[in-house]
Amino acid sequence: MMKSVKKAIVAALCAGTLVVGSVAGTMAYLTSTDEVVNTFTVGNVAITLDEAKVNTAGYPIDENNDKVELSSAPRVKENTYKLVPGHSYTKDPIVHVDEDSEDCYLFVKVENGIADIEAASVQNGYQSIVNQIITNGWIALDGVEDVYYRDANTETAAKGYTVFGNFAIAGDGVVGGNKPADYNGNDKYISDYTSSKIKVTAYAVQKDGFNTANDAWNATFGKSLTNSEAE
């Protein structure tokens, strides 16, 4: 009898040990994992500058040199003009900001080689180049001659930023180089300006990191000029 009881106790202990062993075998720590991955891309500021293709009289033309509406003219980097007193010309430099560019300051430097014979502020409905620039929202940069700036952002960049749209030569319409252009009483002859240019240079600087346009200009293009040009 005693032997049977011992066997039963031993059997029970073994059974208990098996149960405990079975429970211990299914236990594991509660764990979870997650991670943060930093992906870096490089910001971008990119611009182009162009103007409508025109003939020497300043009328918009297509690739076949046929006159077209301004909106249909291809965009080019340079045009050649034949200056005539009293005549007006299409010239519409536009700065385009790439759609993936960061918000930036845009600058244009306008070197007007015919300023002395350009039509007065308003003549036959035409404004001077300087007045057009200001009307189009550009602001003269303090302390920097012939340079203007504006903010550019992704919301408005797609349509481009027009610098000015045309120019006109002062005078009474007499063709040729022997008649002085009537500009503030100065004796200026058209023939003196046959090699002159209106040169427009566009620049862009990221806006982030600069408090003012002057800060951005002085830190970048004020030291070393890289540019996109249209003449």
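How many helices and strands does the protein have? The protein has three helices and 15 strands; helices (H or I, at least four residues) and strands (E, at least two) are DSSP runs, numbered from the N terminus. Before we go on, please keep in mind that this is a predicted model, in which local features need pLDDT of at least 70, side-chain atom pairs count only at pLDDT 80 or more, and totals for chains, interfaces and linings use all residues. Residues are numbered from 1 along each chain as its sequence is written, and side-chain values use heavy atoms, with hydrogens and water left out.

Let's begin with the whole protein. Of its 231 residues, 33% count as buried, where buried means under 20% relative accessible area, exposed over 50%, and partly exposed in between (1.4 Å probe, protein chains only). Among the contacts with a separation of 6 or more, 71% are between residues 24 or more positions apart; a contact means heavy atoms within 4.5 Å.

Now find the open sheet. Its four strands come in the order E2-E1-E4-E10, with antiparallel pairing. The edges are strand E2 (75-76) and strand E10 (161-162), each of which pairs on one side only. Two strands pair if DSSP finds at least two bridges between them. Strands of a sheet pair through backbone hydrogen bonds, either parallel or antiparallel.

Follow E1 (residues 47-52) next: four bridges join this strand to E4 (residues 94-97). Ile-47 stands opposite Val-97 in E4, and Leu-49 stands opposite Val-95 in E4. Val-95 also has Tyr-161 in E10 as a bridge partner, and E4 and E10 pair over two bridges.

Finally, visit the largest pocket, with a volume of about 350 Å³. On a 1 Å grid over the protein atoms alone, a pocket is an open set of points where a 1.4 Å probe fits, with protein on both sides within 12 Å along at least five of seven lines; lining residues have an atom within 4 Å of a point. Grid points are joined across faces, edges and corners, and the volume is the space filled by probe spheres set on the points. This pocket is lined by 17 residues, and those nearest its centre are Thr-80, Tyr-81, Thr-194, Ser-196 and Lys-197.

Where does Lys-197 sit? Lys-197 lies in the loop between strand E13 (186-189) and strand E14 (198-206). Lys-197 counts as partly exposed because its relative accessibility is 48%. Lys-197 and Tyr-81 are 116 residues apart in sequence and 9.4 Å apart in space, C-alpha to C-alpha.
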